[in-house]
Amino acid sequence: MCVREEEAEGLRAFLEAYPEGKPPRDADVMASVWHEVIVERGIGRDALMAALEEAKASRSWQEQRGRFVPRPERWLGEGGYMAYLPARATESPAKRAERVARDVDAQMARLASYGHGSGLLARVRAMVLPLAMNGMRAEDAVYKVWDELNERSE
């Protein structure tokens, strides 16, 4: 089997596993993004499929019947899968702190896009960062803190 056939087979398996109702808009763009992630970035197919399964189980992909699930070419092209890849065992503490801060900041940007004020976001970030540094995924930590803050205000 040639490399292109293996890529095409992997892409088919990925799209079959991707949530229903979210097909790629452009097959050529999807194939190009797949090639970039698998070949140029060197992300293994198994790691990517495991990341997809974790994303499918995430709260944001589950709520409102998948309303917030991005199209597959966007999820791959914008690196959405990276938050779901397993942390590398050889990752230095400094690199880990950078990665976690980047993941938390991405979640904060998402909250900011909903119009939440900077004071509230700074408070949430301060509560989320320690949770994420202790191994909780940034997205899950944001939901946990958000839920706690909502319970306190009621």
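Ala126 is exposed in this predicted model, with a relative accessible area of 55%, and its place is in helix H7.

**Ala126 and the chain as a whole**

- Ala126 and Ala31 are 95 residues apart in sequence, and their C-alpha atoms are 39 Å apart in space.
- Why does Ala126 count as exposed? Its relative accessible area is 55%, and exposed means over 50%.
- Read from the N terminus, the elements run α-α-α-α-α-α-α-α.
- Taken along the principal axes, the box filled by the C-alpha atoms is roughly 60 × 35 × 20 Å.
- Among contacts with a separation of 6 or more, 68% come from residues 24 or more positions apart.

**Helix H6 against helix H7**

- Two packed helices are described by the angle between their axes and the distance between the axes.
- For helix H6 (residues 93–112) and H7, the angle is about 145 degrees and the axes are 10 Å apart.
- The crossing of H6 and H7 is right-handed.
- On the H6 side, the contact is made by Arg96, Ala97, Val100, Ala101, Val104, Asp105, Met108, Leu111 and Ala112.
- H7 answers with Leu121, Val124, Arg125, Val128, Leu129, Ala132 and Met133.
- Sorted by class, this contact of H6 with H7 has 13 nonpolar, no polar and 3 charged residues.

**The nonpolar cores**

- In soluble globular proteins, nonpolar side chains tend to be buried together.
- Which residues touch the most other members of the largest nonpolar core? They are Phe14, Leu48, Trp75, Leu76 and Tyr81, out of 22 residues in that core.
- Helix H1 (3–17), helix H2 (27–40), helix H3 (45–57) and helix H5 (72–77) are the elements that give two or more residues to this core.
- Apart from this core lies another, of 13 residues, including Val104, Leu121, Ala141 and Val142.
- Val104 of H6 and Leu121 of H7 also take part in the contact between those two helices.
- Tyr81 touches Val37, Arg41, Ile43, Leu48, Ala51, Trp75 and Leu76, leaving out residues up to four places away in sequence.

- Arg137 is found in the loop between helix H7 (118–133) and helix H8 (138–153).
- Is Arg137 buried or exposed? Arg137 is buried, because its relative accessible area is 19% and buried means under 20%.
- The side chains of Arg137 and Glu139 are joined by a polar contact of 2.6 Å.
- Beyond residues up to four places away in sequence, Arg137 touches Glu54, Ser58, Ala83 and Tyr84.
- Ser58 lies in another loop, the one between H3 and helix H4 (59–62).
- With a relative accessible area of 2%, Ser58 is buried.
- Ser58 is in contact with Tyr84, Arg137 and Glu139, setting aside its neighbours within four places in sequence.
- Ser58 and Val145 are 87 residues apart along the chain, with their C-alpha atoms separated by 16 Å.

- Gly135 is exposed, with a relative accessible area of 56%, whereas Arg137 is buried.
- Gly135 and Ser32 are 103 residues apart in sequence and 33 Å apart in space, C-alpha to C-alpha.
- Ala47 has its place in helix H3.
- Ala47 counts as partly exposed, at 29% relative accessibility.
- The C-alpha atoms of Ala47 and Met82 are separated by 9.9 Å, and the two residues are 35 residues apart along the chain.

How values were computed: Residues numbered from 1 in each chain as written. Predicted model: local features only at pLDDT ≥ 70, side-chain atom pairs only at ≥ 80, totals over all residues. Heavy atoms only, no water. Helix = DSSP H or I, 4+ residues; strand = E, 2+ residues; numbered from the N terminus. Buried < 20%, exposed > 50% of the residue type's maximum accessible area, 1.4 Å probe, protein only. Polar contact = N/O pair within 3.5 Å; in protein donor to acceptor, adjacent residues only side chain to side chain. Contact = heavy atoms within 4.5 Å. Axes fitted to C-alpha atoms, helices over the stretch in contact; angles between N-to-C directions. Left-handed = near helix turned anticlockwise from the far one by under 90°. Nonpolar A, V, L, I, M, F, W, Y, C, P; charged D, E, K, R; others polar. Core = buried A, V, L, I, M, F, W, Y, C linked by side-chain atoms within 4.5 Å.
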